[in-house]
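Subject: Handing over a structure, with notes

Dear colleague,

I am passing on the structure below, and my notes on it follow directly after. Please read them with the sequence and the coordinates at hand.

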Amino acid sequence: MRVGTKMRTVVGLVEVTALDQVRRITTAEARRAGAQTPDELLRLMSGREPQPIWRIGLRFAGADPRITLRADAAPDKGTLERLTARLDRLDRASTHGAWTRDVLALIAARPEVRAPDLAASMGRETAPFKRDVRKLKELGLTESLPVGYRISPRGMAVLKFLDKDLSQ
């Protein structure tokens, strides 16, 4: 962990603003960490000793950028070409062959379907299938739901672009 690192969380981006080794835990610090006393906090942290204890400063650094990406229903042609090239690179790097277009089409056709069911319909194991879907999510093409996924507006634009590209 380093100062300046940004991490995605359920609330958005969180940035590390400080890293300080703690010599002594105050009662106020223990309470902010969810314990009543410093001794209680140390007991809760047992098993992590004799490692040093670090105080990590965090701040909200903005919304998850994938939200803005996936909302873009009309990316320009250059963006669509770059996304297509990225999908091609993912397919070439895959140990199980081209998958990006098939997974996008499957999610578009079967939104809110559990990942194990989607994976099985493609003859794939769940964990690697979910890793692949996360790669599409990073590009703003899919969105995770409480159950399953759905294609994002940006993902639909990519599918339409690919369909036009294939029909030419």
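This is a predicted model: local features need pLDDT of at least 70, side-chain atom pairs count only at pLDDT 80 or more; totals for chains, interfaces and linings use all residues.

Residues are numbered from 1 along each chain as its sequence is written, and side-chain values use heavy atoms, with hydrogens and water left out.

Leu-87 also belongs to the largest nonpolar core, which has 25 residues, and together with Leu-104, Phe-129, Leu-141 and Val-158 it touches the most other members. A nonpolar core here is a set of buried Ala, Val, Leu, Ile, Met, Phe, Trp, Tyr and Cys residues joined through side-chain atoms within 4.5 Å; buried means under 20% relative accessible area, exposed over 50%, and partly exposed in between, with a 1.4 Å probe and protein chains only. At least two residues of this core come from each of several elements, among them helix 4 (77-93), helix 7 (126-138) and helix 8 (153-167), helices being DSSP runs of H or I with at least four residues and strands runs of E with at least two, numbered from the N terminus. Helix 8 supplies the largest share, five residues. A second, separate core of five residues includes Val-22, Ala-30, Ala-35 and Leu-41.

In helix 7, the buried residues are Phe-129, Asp-132, Val-133, Leu-136 and Lys-137. Seen down the helix axis, they fall within an arc of 150 degrees, so they line one face of helix 7; the arc is taken from the directions from the axis to the C-beta atoms. These buried residues pack against helix 3 (65-71), helix 4, helix 5, helix 6, strand 4 (142-144) and strand 5. After helix 7 comes Gly-140, with a positive phi near 80 degrees.

Turning to helix 3, Pro-65 lies in it and is partly exposed, with a relative accessible area of 41%. Pro-65 and Arg-8 are 57 residues apart in sequence, yet their C-alpha atoms are 9.1 Å apart in space.

With kind regards

Key
Contact means heavy atoms within 4.5 Å.
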